[in-house]
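Thanks for coming. I will go through a few places in this model, one after another, and you can follow along on the screen.

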Amino acid sequence: MSLFLIVALPFLGALLPGLMNQAGRDACSGVTFMVSLAAFIGLLTNLPSVLAGEVVTVGIDWMPLLGLNFTLMLDGLGFFFAFLILGIGLLIIAYARHYLSRDDNMGEFFTYLLLFQGAMVGIVLSDNILLLLVFWELTSLSSFLLIGYWKHLPEGRQGARMALAVTGMGGLAMIGGMLILGQIVGSYELSVILQHRDLIQADPLYVPALLLILLGAFTKSAQFPFHFWLPHAMAAPTPVSAYLHSATMVKAGIFLMARMWPVLSGTPEWFVLVTGAGLITMVLGAVIALFKHDLKSVLAFSTVSHLGLITMLLGTGTAFGAFAAVFHILNHATFKAALFMSAGIIDHETHTRDIRRLGGLRHLMPITAVIMTIAALSMAGVPLLNGFLSKEMMLEESTQTVMFNTWWLVPALATLAALFSAGYSFRLIAHTFFGPKRDDYPAAPHDPGFGLWGPPAFLVVLVVTIGVAPFLVEDFVKIVTASVLGTTAELPHAYIKIWHGLVPALYMSLAAVGGGVILVIMHSVLQKIWDATPRPEAKVIFDATISSFVSLARSLILPLHNGAFSRYAAIAAVTIIGAGYFAWITGVQGAATRAPQAATPVALAGWAMLVAATFGLVFLHRNRLLALIMMGIVGLMVSVGFVYFSAPDLAMTQFTVEAVTIILLLLALNFMPNRSPVESTVLHRVRDAFVAVAGGFGAMAMAWHYLLRDAVATPISEFHLANSYKGGGGTNVVNVILVDFRGFDTYGEIIVLGIAALLIYALTETLLNGPVRARLLNRVPDQPRAGGMHPMMMVVLTRVIMPVVLMVGFYIFMRGHNEPGGGFIAGLIVSIAVVMQYMASGFSWASSRLRYPYHGVIGAGVLLAGLTGIGSWFVNKPFLTTDFTYVRIPPFEKFELATAAIFDLGVLLAVVGAVMLTLESFSRLARTAHTKDSVHPMDIDPSRQASTEEGA
Amino acid sequence: MMLSLELLVASAIGILTAGGIYLLLRLRTFPVIMGVSLLTYAVNIFLFSSGRLTVGAPPILNDSATLYADPLPQALVLTAIVISFGMTAVIVMMALGSYLGNNTDLVNDPLVDDDDDDDASVGNAGDVTPQEGRP
């Protein structure tokens, strides 16, 4: 299966769980499982080529100018991780089906899970590092959604935010590092970058790049000092913890270090940073884990510790270290996912994860006890289980690693970590399953159904199989290691053995297991000492850091942003005027190049009316109805001005928009007070008038200045005039620009218009579902209403006129390409035809005759316009390329058919939908206010019987 | 100074702008909306006039015509008019919602409310709405 499909499947599949949510929990989880399974099988079809050592690549250009291309590659390392992600994903999906309760929204959960899965697969298959960064951020976002899935839990929300803050910050740092890397090499393709080890390591920017990339990797993989977010992320549902925080997401940082291994490793900086951070994390995590009481906390810190172990191995920079790291990734994924799922089972059955309230469960939950004990023993490093093998290899590697010229430092710390690791693993078993049966469990524990214990049992079988017969996976691990190293030459010849002879690693291992047993025996004493020791709490430090940032931001923003809108407006106006004045006095004004055109009496009369109406509006604005009339006059005069200055399209648009706007404002005024009271002092008003006059004078000066001068550079309008007919097939240049030359702009604009209408709809919904609803219902109009709300004359007139208006709209639309008109204007005219029906017969009557919801009309318009654009792809032309032809149907004249007309139809539909949805939303408020909305078209209807008539 | 068309248009832009700014600085939502509308007219005419003023020569291609008005600003302003309708409608809705919700149509917040966050630790910021029980 194509790599594209493997990455795309989870993303496409993420649409399904939401759709299947109503079909039941089995259907919902089933469809998710099938999506993952399909991707998994698709991955497996590529196994033969990976085993043969080939690198499968596919790619298409995305933004080649930026170096961002959608290129994917599959080598051993990528396959290994994708296998873990999809394989464990399948088990997790099966487990989650039984884990989530009926109250949980399963569709939401699986949508997030599949998004996450797709993003993870994207990371491990990316060839382009910019693409990798995109997927990297997607995992941060989707894990945020998954951790905070139980929105009602404050810990969940806080944990999700903390994880997002830490991993998001790391992601930003990594973007910087990757960009530097790309600059050094001159390419963003991994396959190219990985060939330039010497070039990168010799570059002075190597250290900054390394630091930034490691910051990304360490935050993601919870390495010291960023380890603190992982335990807090445990507020997530257990399937999430098992999936993200043991098997996959936290391994993304590890993956990145392994991926970049050939070019970044082997330097002293790499060794100190990576091995150092790994060692500290490994010891710290193991020690803290011993003293935690929450099962999932123990597992979280143990994960931190094991991630440190893998990081430490990668840091050594030797081939054997990489080999051991890869093997431990595999082993850790198997036993840790099993442990998390078992912890989830215990939580599910006993309703507690507190280890102090558990004990004696081996009698009550024998199956779970067996599964968890085997997995925990593997984690402790007990022979014949897979954890033992990789831990031995780690200890062996540590004896070869010398840090700070001290031969014993690394082995000692490694042994210490292993010792504590054995300690908490044994404690997990001893304090949960052994000891006497208790009678104070919060719930009666018993083994769950197969659905819950099946997935961890499967993993435990793997734990034992690999532990007993490591040769089964040895070849595979070697292939993966070879792709980490970038070469097969250095591959260690040593093979994975259970018995290595009496080597130092064996003694260290024995010491660790023996010490672990002692730790468990002495646990109660140690716990008291631990509890008495003061320690810095990472969450407190984190919270303090964040709140200091917040108070800094507050102290900067609040003085400026204090909620006084008038102040912002005044500051903005004065600033703009000041900046304009500064530009004017410092600039040089050229001489006038255009002769002024003499004003005719007609123009003067129009100007006088416009100015009079503007003054009227300003001076009479307290009477709001009068102000509205004045504004109508201003708008009308602006339309007339457009006619005068050769812009018929603009005039028609302005005129129709004016009508709709006035209707809208009248609807709004219905609810608002009719007058604005006098509030500001005379001084205030004088000050405002001064600002206003200064602003007006500035605008006038600027307009007058350039109206008398030609453009500095040649305008591109000539091109449009010259090519409108030749290229666009239309003689109305304005319309051709809208639907053809600048069609993409128009497409964006109808989308904006649609969004605005939907926003208004959403605001109305919010109002009507909130406390405002009661207020609207109880509202008494402040003025007497008209007696007949739906007069017969108006009803009859609007009915008669409707087809005529629609015909005009159709005509305006059809001629738009060649004569003034087009989709925008026609859309507005059609809207007015419909609005008239609402006005005449009321909301109920009109909306009950509405066959298509206006949301759909907007959507259909945008879709139609978009599909017209996409259509040009099929003839290998860029988006929104138009074509036209002339046809003749015998009785008619020859006429033109253009794809631009279909686009314009989309514009028309979007405009109609947006205008109508807006007005409808406003009138829905009105309908709630006046409950006496009649279902009849008019108040007095001679055809109705007198008894049902309501008095006018 | 001759009374030219350019002066008429420029002064109309200026007067609309001045009226718009004055109304924008009023304290109630309705005059502010009127002010924004006046500014919209001013800006649209301003953009339109960047194609310079042409009388009697619409940009409709015609074999006999040699002079055309600049079509590009017209196309830009046409969509601007429609979009500004959408934007006006949104602010009207917001003004209406604010009036219906708070029973006042003042544009300025009555007092600045510094402690709208109920917790010192920002770990809780945004958790203001109590939302107990799963959906």
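Predicted model: local features only at pLDDT ≥ 70, side-chain atom pairs only at ≥ 80, totals over all residues.

**Helix contacts, a loop and a ring pair**

α18(A) and α24(A) cross in a right-handed sense. Helix α18 covers residues 319-350 of chain A and helix α24 covers residues 471-485 of chain A, and their axes approach to within 9 Å at a crossing angle of roughly 125°.

Which residues of α18(A) and α24(A) meet? On the α18(A) side they are Ala319(A), Ala322(A), Phe323(A), Val326(A), Phe327(A) and Leu330(A). On the α24(A) side they are Val473(A), Val477(A), Lys478(A), Val480(A), Thr481(A), Val484(A) and Leu485(A). By class, the contact of α18(A) with α24(A) has 11 nonpolar residues, 1 polar and 1 charged.

Next, helix α6, residues 106-125 of chain A. α6(A) packs against helix α7 (residues 129-147) of chain A, with the axes 8 Å apart and an angle of about 155°. That angle makes α6(A) roughly antiparallel to α7(A), the cut-off being over 145 degrees. The crossing of α6(A) and α7(A) is left-handed. From α6(A), the residues in the contact include Phe109(A), Tyr112(A), Phe116(A) and Met120(A). From α7(A), they include Leu132(A), Phe135(A), Trp136(A) and Leu146(A). This contact of α6(A) with α7(A) divides into 14 nonpolar residues, 4 polar and no charged.

Now to aromatic rings. How many aromatic pairs are there over all chains? The count is 25. In one of them, Phe116(A) and Tyr243(A) have ring centres 5.6 Å apart and planes at 75°, so the pair is edge-to-face. Phe116(A) sits in α6(A) and Tyr243(A) in helix α13 (residues 238-247) of chain A, so the pair links parts 127 residues apart in sequence. Phe116(A) is also among the residues by which α6(A) contacts α7(A).

Between α11 (206-220) and α12 (229-232) of chain A there is a loop, and Pro225(A) lies in it. The peptide bond from Phe224(A) to Pro225(A) is cis, with omega near 5°. Ala222(A) is in the loop between α11 and α12 as well. Ala222(A) has phi near 55°, which is positive in a residue other than glycine.

On to the domains. Chain A is split into domain 1 (267-521), domain 2 (565-592 + 680-713), domain 3 (595-676) and domain 4 (720-943). Taken over C-alpha atoms, the centres of domain 1 and domain 2 of chain A are 71 Å apart.

Where is Thr593(A)? Thr593(A) is in the loop between α28 (565-586) and α29 (601-619) of chain A. Beyond its neighbours within four places in sequence, Thr593(A) contacts Leu708(A), Arg709(A) and Asp710(A).

Last, a contact between chains. α29(A) and helix α1 (residues 5-24) of chain B have axes 10 Å apart and an angle of about 10°. That makes α29(A) roughly parallel to α1(B). Among the residues that α29(A) brings are Leu604(A), Trp607(A), Leu610(A) and Phe615(A). α1(B) brings, among others, Leu8(B), Ile15(B), Gly19(B) and Tyr22(B). The residues of the contact of α29(A) with α1(B) are 15 nonpolar, 3 polar and no charged.

Definitions and conventions
Residues numbered from 1 in each chain as written. Chains lettered and ligands numbered in written order. Heavy atoms only, no water. Axes fitted to C-alpha atoms, helices over the stretch in contact; angles between N-to-C directions. Helix = DSSP H or I, 4+ residues; strand = E, 2+ residues; numbered from the N terminus. Left-handed = near helix turned anticlockwise from the far one by under 90°. Contact = heavy atoms within 4.5 Å. Nonpolar A, V, L, I, M, F, W, Y, C, P; charged D, E, K, R; others polar. Domains from an automatic or database assignment. Parallel < 35°, antiparallel > 145°, perpendicular 65-115°, else oblique. Phe/Tyr/Trp six-rings, centres within 6.5 Å; stacked < 30°, edge-to-face > 60°.
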